[in-house]
Amino acid sequence: MIFNPMKLFYFALFCCIALPTSAQSQDVDDALRKTLLLHKELVSIPNLPEDEASMLKNINWVTDYYQKLDFKTTLLPSSTLPLLLAEKVYNPKFKTVLFYFHIDGQPVNKVNWDQEDPFTPVLKKQDSAGNWQYLDWNALDSKIDDEWRIFARAAADDKAPIIMFLSALEQLDAQNKKPNFNIKVIFDPEEEYGSSALLSTLPINKERYSSDYFIVMDGPAHDSNKPSVTFGCRGIVTCSITTYGASLPQHSGHYGNYVPNPVFSLAKLLSTMKDDKGYVLIKDYYKGINLSPEITDVLKSIPYDSVALNSQLGIFTSEKIGNNYQEALQYPSLNVRQIGTSWSGENLKTVVPEFAKADLDVRLVPETEAQIQLEKIRTHIVKQGYYVIDHDPTAEERATHPKIAKFIANEGINAFRTDLDSPFGKTISNSLSKAFNEEPIKIRMMGGTVPIVPVINALNIPTLIIPIVNMDNNQHSPNENIRIGNMRQGIQICLALLQTNL
């Protein structure tokens, strides 16, 4: 028999759970310490997709650990980076659950980080003034504080869930226990860049991904850090609107009061799309959305403090789409994300610009498909008297139409949602309830969009998002971090998932 120190370690971890002594706490901290150091090792490998060599190091690192657990691993060719698929059949009669993680990270700007290298993880604790202070990694040799955090790019999004799930698998393996279902795991190498690699594999490998259920391990949990189950996420589609003045920028002294300024026409057009309370005025924009009393009750049950949230956001009051934050997420949004003119240099110029452009994004819900919402926006622009085109206006068009708008849009990603009362949702929620002695927070729709929604819709199987990192992890921003308490709890969530009877 080959001696496996990891099996011995995790066997000790399981044994110590039953010990009601201080030794139990120390043993659990020993287990967590090893998991945190494993996390540190993976996070130390840069994971920007433009660096193919580093991405392959990440993929190989994960492959090695799954092969140690007797998973079959396959590198699937894609349009760009290879996709890692790990599979293990525990019993041919079992159901199969497909799990999803992404292994890439957002770009970094080192000067905005409070550490020398975003890919060198650092351990920190918060002082009484709220400032984050460095801790030596040797601090993990003493009692580990759940409020300590590890700062690094991808520390939370999405390498923490990768490590938590791996730790749970190793713990079961050390006890010679098996999950109650067969497992497939996708590791996406380009989620932060639109999942083009994964999406390109669908036509050929759709059958390789076929499963009975799908669990996406991405996104932040509720800000209470209680176990959460998310039943859907909003989609997204983007578009731009450009209005026009003269064919070239003009001197504001010579032509001010004569040449129309396209910024004002754009501002007037945008102001017809929303009222002062944030309600979208475009015809039928919210068509098909009906929140039943049962759904409303679920949305109300999610912890929410409007005063605290508004204070945190630095706003006096919120828009009035829905009666609370969760209700607001059940409707499509209309957001102006950027406005610009022809001049974008550092110094201002005294010109009347030749065009003004607004870039918009629309967050979608299942009742609102991307192309239908775009057509509603386009129709609204036409109703405001604009000649709408998909190109810069010709001289003839300028001479013929008093109001011209260029409207450009992409295909978008539609939303997905699993019913709150679905058997799969109930089973997973019950499993978490038993593990934590309380109901998990049930989130009907996550506000953000995961780019793998086309995969979810193509597979057409019950899908849940199980978010296990802290909400305030600075995802996609400088000083990304993972709270150690979420690491501790996330392992237990993964164990509960793996021991669910399906």
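Predicted model: local features only at pLDDT ≥ 70, side-chain atom pairs only at ≥ 80, totals over all residues.
1. Let's start with strand E2, residues 83-88. How many of its six residues are buried? Six are, so the strand is mostly covered by the cut-off of under 20% relative accessible area. Both faces take part: Leu83, Leu85 and Glu87 are buried on one side, and Leu84, Ala86 and Lys88 are buried on the other.

2. Strand E2 has partners to look for as well. Strand E1 (residues 72-76) runs antiparallel to E2, and five bridges join the two. They form a hairpin, with six residues between the strands, and Thr74 stands opposite Leu85 of E2. Strand E7 (residues 182-188) is also antiparallel to E2 and is joined to E2 by five bridges. Here Glu87 has Lys184 of E7 as its bridge partner.

3. Another hairpin is worth a visit, that of E4 and E5. Strand E4 covers residues 122-126 and strand E5 residues 132-135; they run antiparallel, with four bridges joining them. Leu123 is paired with Leu135 in E5 as its bridge partner. Five residues lie between the strands, and in this hairpin Gly130 takes a positive phi near 90°.

4. Next comes an open sheet of five strands with mixed pairing, in the order E13-E15-E11-E17-E16. Strand E13 (335-341) and strand E16 (387-389) are the edges, each pairing on one side only. On average, neighbouring strands of this sheet are turned by 25° against each other, direction ignored. The bridge partner of Ile389 is Lys406 in E17.

5. While you are at this sheet, find Asp359 in strand E15, residues 355-364. Is Asp359 buried or exposed? Its relative accessibility is 15%, so Asp359 counts as buried. Leaving aside residues up to four places away in sequence, Asp359 touches Cys239, Ser240, Asn335, Val336, Arg337 and Gln338.

6. Now for the helices. Helix H3 (residues 52-68) packs with helix H4 (residues 159-174) at an angle of about 15°, and their axes are 11 Å apart. That angle makes the two helices roughly parallel, because anything under 35 degrees counts as such. Their crossing is left-handed. Asn58, Trp61, Val62, Tyr65 and Tyr66 of H3 meet a set of H4 residues, including Ile162, Ile163, Phe165, Leu166 and Leu169.

7. Helix H4 also meets helix H15 (residues 484-498), where the axes come within 8 Å and cross at roughly 55°. H4 and H15 are therefore oblique to each other, and the crossing is right-handed. On the H4 side the contact includes Ala160, Ile163, Met164 and Phe165, while among the H15 residues are Gly490, Ile491, Cys494 and Leu495.

8. How many disulfides does the structure hold? There are zero. Take Cys233: its closest cysteine sulfur is that of Cys494, 19 Å away, which is too far for a bond because a disulfide needs the sulfurs within 2.5 Å. Cys233 is buried, with a relative accessible area of 0%, and Cys494 is buried too, at 0%.

Conventions: Residues numbered from 1 in each chain as written. Heavy atoms only, no water. Pairing = 2+ DSSP bridges. Axes fitted to C-alpha atoms, helices over the stretch in contact; angles between N-to-C directions. Buried < 20%, exposed > 50% of the residue type's maximum accessible area, 1.4 Å probe, protein only. Parallel < 35°, antiparallel > 145°, perpendicular 65-115°, else oblique. Left-handed = near helix turned anticlockwise from the far one by under 90°. Contact = heavy atoms within 4.5 Å.
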